[in-house]
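Please look at the sequence and the model before reading the points.

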Amino acid sequence: MPHALVARPGIRMRSEYFGALAWSVSPRKLFRLDHAAAAALRLHSVPRASGAAPAAGALGIAEGTWRLAVAGLQDQGILEPAAAAPVPVTAGDIALAEDAGPGGLPGTRVLKPFWVHIQPFTRCNQHCIHCYCNGGPKADPFLMPIAAWQDVIGMLDDYGVLDVYVTGGESLLYDGFFTIAEDILARGMGFGVSTNATVLSPAVLARLRALQIETVQVSLDGAHAPVHEHIRGAPGSFTRTCDGIRRIAEFSSPVINTVVNQVNRHELEDIVRLGMGLGCVRFKFFPQKPVGRGAGAALTLTDEEITGQLVPECGRLAAALGVEIETIDPARPCGSGSIGFALDQNADIYPCIFGVADPSQRCGNILTDSLDQVWFGSPVLAAFRAEPATPCRRCER
């Protein structure tokens with residue numbers, strides 16, 4: 001047995017009701033830890049002597065349980081031999097390790113959030129008929145300084161959020177988007193972005209390439225110009241979007257995102273075939289929400305059309321054309337409000353990005369309220385978690 005053990009570099013952790021969730025940043029791998037293993041990992045943030053378990057008794061953990069926990073952390077590659085001499089355990093170290101115990105957790109069996117959608121602005125060069133946030137050329141630019149959004153990213157990172165997705169508005173309109181993206185990526189957090197791919201100047205394309213992200217989500221709402229441009233409210237945009245997808249495919253994997261409604265529902269196969277010709281093998285076909293500018297039922301699919309037609313059609317196309325298509329999964333409830341949440345341009349907290357136009361769904365503000373208290377104590381979030389039905393309609397109130 002090595003003289004001392006220490007947490008492997010790059011291992012992160014956060015407390016959970018069952019103990020803790022630990023993960024490696026690159027490559028991403030998650031580890032579920034019980035309370036003993038969580039306490040042991042916290043204690044091994046610096047080299048500790050192996051063999052004896054001087055901290056076990058002080059933490060109220062049986063020595064045998066402690067040894068098994070340490071051995072399990074070694075087996076999973078979370079702890080490794082330390083080159084430096086072991087550091088004696090102090091009372092302060094015990095107090096820190098106790099933070100991973102039951103006394104330091106909220107009294108609820110709810111996981112902390114895994115992901116967050118942030119919407120720093122809603123200004124966009126298009127005017128989509130389905131836009132959930134009423135975005136457009138006259139909508140909000142950045143309402144908070146970029147530094148404030150960097151503070152938000154730091155808070156999410158400290159809280160243990162794994163992934164941050166930036167949406168708008170059109171993300172690539174502003175230099176500030178790249179500052180935020182670079183901050184997220186520098187922290188080792190997962191990152192996602194969505195664009196309409198019509199503002200890809202050489203400078204923007206170079207900065208997007210420099211981010212070295214694996215995927216870029218691109219909005220394409222029709223296989224033909226009349227349909228796409230009607231939905232996007234942007235004459236002449238179809239050709240530019242297709243060209244943008246092709247250019248993005250030179251250095252990343254574009255993922256075509258289509259908001260499915262009564263206008264384009266019969267074009268899905270044509271969209272897949274068009275996308276394949278542009279270099280895409282991944283598609284997202286999610287139904288339009290009757291919120292924001294898309295409020296009302298005229299364009300939205302019914303539950304029967306979603307489960308009885310959209311879902312089977314996606315499965316058929318994926319199998320027939322050899323592509324990956326993500327859509328509503330009746331076997332998996334929506335994660336909004338239960339494993340993730342959204343922030344609008346004021347950093348107000350909402351259960352779902354599709355509900356940011358509805359003030360009744362506001363849960364608090366990440367800059368002025370305790371995220372712990374909001375996440376575990378908000379009645380709005382509690383109501384979302386109590387409605388697991390699919391297709392999800394919780395954000396449509």
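Of the 397 residues of the chain, 53% count as buried, where buried means under 20% relative accessible area, exposed over 50% and partly exposed in between (1.4 Å probe, protein chains only). This is a predicted model, in which local features need pLDDT of at least 70, side-chain atom pairs count only at pLDDT 80 or more, and totals for chains, interfaces and linings use all residues. Residues are numbered from 1 along each chain as its sequence is written, and side-chain values use heavy atoms, with hydrogens and water left out.

**Overall form**

- The chain contains 13 helices and 16 strands; helices (H or I, at least four residues) and strands (E, at least two) are DSSP runs, numbered from the N terminus.
- Taken along the principal axes, the box filled by the C-alpha atoms is roughly 70 × 45 × 45 Å.
- The accessible surface of the chain is about 16,900 Å², and 55% of it belongs to carbon and sulfur atoms; accessible areas come from the Shrake-Rupley method with a 1.4 Å probe, and for residues only the protein chains shown count as cover.
- Among contacts between residues at least 6 apart in sequence, 70% join residues at least 24 apart, contact meaning heavy atoms within 4.5 Å.

**Helices α10 and α11**

- The axes of α10 (residues 268–278) and α11 (residues 303–321) come within 10 Å and cross at roughly 35°; axes are lines fitted to C-alpha atoms, for helices over the stretch in contact, and angles run from 0 to 180 degrees between N-to-C directions.
- The crossing of α10 and α11 is right-handed, that is, the near helix is turned clockwise from the far one by less than a right angle.
- On the α10 side the contact is made by Leu-268, Glu-269, Val-272, Arg-273 and Met-276, and on the α11 side by Leu-310, Arg-316, Leu-317 and Leu-321.
- This contact has 6 nonpolar, no polar and 3 charged residues; Ala, Val, Leu, Ile, Met, Phe, Trp, Tyr, Cys and Pro count as nonpolar, Asp, Glu, Lys and Arg as charged, and the others, Gly among them, as polar.
- Glu-305 is also part of α11 and counts as buried because its relative accessibility is 16%.
- Beyond neighbours within four places in sequence, Glu-305 is in contact with Gln-262, Arg-265, Thr-300 and Leu-310.

**Backbone exceptions**

- Most residues other than glycine have a negative phi, and most peptide bonds are trans.
- The Ser-26 to Pro-27 peptide bond is cis, with omega near 0°, and Pro-27 is in the loop between β3 (19–24) and β4 (29–33).
- The Gly-168 to Gly-169 peptide bond is cis as well, with omega near 10°; Gly-169 is in the loop between β8 (163–166) and α6 (175–186).
- Asn-134, not a glycine, has a positive phi of about 60° and is in the loop between β7 (115–118) and α5 (146–159).
- With a relative accessible area of 40%, Asn-134 is partly exposed.
- Not counting residues up to four places away in sequence, Asn-134 touches Ala-139, Gly-292, Arg-293 and Ala-357.
- From Asn-134 to Gly-169 the C-alpha distance is 9.0 Å, across 35 residues in sequence.
- Ala-197 has a positive phi near 60°, lies in the loop between β9 (190–195) and α7 (202–210), and is buried at 2% relative accessible area.
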